[in-house]
Amino acid sequence: MATAADHADLVIRNTRLIDGSGAPSVTGDIAVGDDRILGIGDLGETKGAVEIDGRGRAVAPGFIDVHTHDDRALLADPEMACKASQGVTTVVTGNCGISLAPLDVAAGALVPPFDLIAEVPAQAFAEFGDYLAALDGAPPALNAVCQVGHSTLRVGAMDRLDRAADRGEVAAMRRALERALDAGAAGLSTGLFYAPASAAPTEEVVALAEVLRDRGAIHTTHMRDEGDQVAESLAETFRIGAEAGVPVVISHHKVIAAPNHGRTRETLALIEAARARQPVALDVYPYVAGSTILDPKRMLGASRVLVTWSKARPDCAGRDLDEIADEMGCDPDEAARRLQPAGAIYFMMDEADVRRVLASPAAMIGSDGLPHDAHPHPRLWGTFPRVLGHYARDLGLFSLEDAVHRMTGLPAAQFGLVGRGALSPGACADLVMFDPETVIDRATYENPTRTAAGIDLVMVNGRAVWRGGAVTGARPGRALRLRDLGPKGVVPNSSDGR
Ligand code: ZN
Ligand code: CU
């Protein structure tokens, strides 16, 4: 089994090897040389420049956070402690229809939800290639797979966003998308729920998604509706994937508002049926509260609203909206208006639904963390250890191997991350060593930036980025290009590893 050279930069011995495929773990050694895994198994003969006794620990492929809004964080906070501390080694950016590129700042102000990723228009990039070049020039600690946002394309092509794009505008968006893909964008995301895109008909998205097919790119979507109309929105998503001939990923799948609680039985059945016909996957974060801009439309189905940031009243970050409204002597809608622009956490899901989605066969883990929020949702710092510690170990929702698979092998197959998401000789040395007995999230709604427990060592491309409870300062991450990626989309019961 051992294929390592005689000498390695690092050997971790007698550890629990969880290879990312979902297969049962085995005890053995793993050797790293340069940016690659040299060998796994019994590596008795191999000497490491550094040797680590891995007893009582597990080693897995680094986690892939498939749903992030880290577009600007990668540049502004390149050590990426919020993610490195969880064992994340690759992030997928540009979700929910919003990306920093291609966005000509002259095109206008940053309407919500762009304020989730940019504070001022100057933080945007006119060309997608410029954004990727910025990452190359100032590399972050983690690898990045970057998507183009549909809302971003709309801002660039349309004079107003409250209508469908006309033929000329669709053609302009198609050209901009082609340029972005040629520069290295991995796919197109939509945020049809949000105002800058909600007026777009299905046909507009299909016309753009067609551009993805020939280039082997992927489509991800924050669907038009996750409440009463969730079944209709799933049908729209399947239609876009089928008509354009592209794999689709349903972002942060959930059903919201009390009358819809329990409906994941129905939505997951619809997704399973679709997966028999076309490549469909989903991502999920392990919490009953969501988070985005502060929006009265969102508040309707929420039992509690917690403010995460406010430009008008920065002092209100971290407080309950009801309490703020009381203090202001107005209703919550009016209080929300006075806080704008602002963000919030919404308690609007049912725990049983969250568990059902987490355990569903097509589910990958994506944090949807908002790295620029003053008082962020704890998912930003806690998602991956929470799945491993709370849901896998403590609740037994699935095995540790299955949990790791949803963070590694499954997303690697879905996004075409060749040579990542697996422990095998020759694969990129993106690794996490953690303690299966103690790993747990510590970020809470009250203290959202506390680091997780039990994550010992995180390596990206063979270099440690997190060790001993702190970032190392190393920034070995790479901005992966579409041409670096393999085929995308997972056909059920074939390549999803179980
Ligand atoms: Zn979203
Ligand atoms: Cu999102």
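This is a predicted model: local features need pLDDT of at least 70, side-chain atom pairs count only at pLDDT 80 or more; totals for chains, interfaces and linings use all residues.

I found 13 residues lining the second largest pocket, and Gly156, Ala157, Ala172, Ala176 and Arg179 are the ones nearest its centre. Its space comes to about 210 Å³.

Where does the lining come from? Helix H4 (150-157) and helix H5 (167-183) each give at least two residues to the second largest pocket. H5 has the largest share, with five residues. I also sorted the lining by class: eight nonpolar, one polar and four charged residues.

**The largest pocket**

Next I looked up the largest pocket, which has a volume of about 260 Å³. It has 16 lining residues, and Asp225, Gly227, Ile256, Lys297 and Arg298 lie nearest the centre. By class I noted six nonpolar, four polar and six charged residues in this lining.

**The zinc ion**

Then I turned to the metals. Which protein atoms hold the zinc ion (ligand 1)? The donors are Cys96 through SG, His222 through ND1 and His252 through NE2, at 2.0 to 2.2 Å from the zinc ion. Along the chain, I wrote their spacing down as C-x125-H-x29-H. Buried or exposed, I wondered, for Cys96 and His222? Both Cys96 and His222 are buried.

**The copper ion**

Cys96 turned up again here, as it bridges the zinc ion (ligand 1) and the copper ion (ligand 2), which sit 3.0 Å apart. I listed the protein donors of the copper ion: His67 (NE2), His69 (NE2), Cys96 (SG) and Asp368 (OD), at 2.1 to 2.3 Å. I checked the geometry too, and the angles among the four donor atoms of the copper ion run from 86 to 166°, so the site counts as irregular, given that a tetrahedral one needs all angles between 85 and 135 degrees. The donor spacing for the copper ion reads H-x1-H-x26-C-x271-D. His67 lies in the loop between strand E6 (63-65) and helix H1 (73-76), and Asp368 in the loop between strand E16 (363-365) and helix H14 (379-394), so this pair ties together parts 301 residues apart in sequence. I marked His67 and Asp368 down as buried.

**Two covered strands**

Why is strand E14 (residues 304-310) largely enclosed by the rest of the structure? Six of its seven residues are buried, so that is what encloses it in my notes. E14 runs antiparallel to strand E15 (residues 342-347), with six bridges joining them. I picked out Arg304, whose bridge partner in E15 is Phe347.

Strand E18 (residues 455-460) is mostly covered as well, with five of its six residues buried. I checked what pairs with E18. Strand E17 (residues 431-434) pairs with E18 in the antiparallel sense over four bridges, and Leu431 stands opposite Met459 there. Strand E19 (residues 463-467) is also antiparallel to E18, joined by four bridges, and in E19 it is Ala464 that stands opposite Met459.

Last entry: E18 and E19 make a hairpin with two residues between them, and Asn461 in the turn has a positive phi of about 50°.

Definitions and conventions
Residues are numbered from 1 along each chain as its sequence is written. Chains are lettered from A and ligands numbered from 1 in the order in which they are written. Side-chain values use heavy atoms; hydrogens and water are left out. Donors are N, O and S atoms within 2.8 Å of the metal (3.2 Å for Na, K and Ca); water is not among the atoms, so sites may look incomplete. Four donors count as tetrahedral if all angles lie between 85 and 135 degrees; four count as square planar and six as octahedral if opposite donors are over 155 degrees apart and all others between 65 and 115; anything else is irregular. Buried means under 20% relative accessible area, exposed over 50%, partly exposed in between (1.4 Å probe, protein chains only). On a 1 Å grid over the protein atoms alone, a cavity is a set of points where a 1.4 Å probe fits but cannot get out, and a pocket is an open set with protein on both sides within 12 Å along at least five of seven lines; lining residues have an atom within 4 Å of a point. Grid points are joined across faces, edges and corners, and a volume is the space filled by probe spheres set on the points. Ala, Val, Leu, Ile, Met, Phe, Trp, Tyr, Cys and Pro count as nonpolar, Asp, Glu, Lys and Arg as charged, and the others, Gly among them, as polar. Two strands pair if DSSP finds at least two bridges between them.
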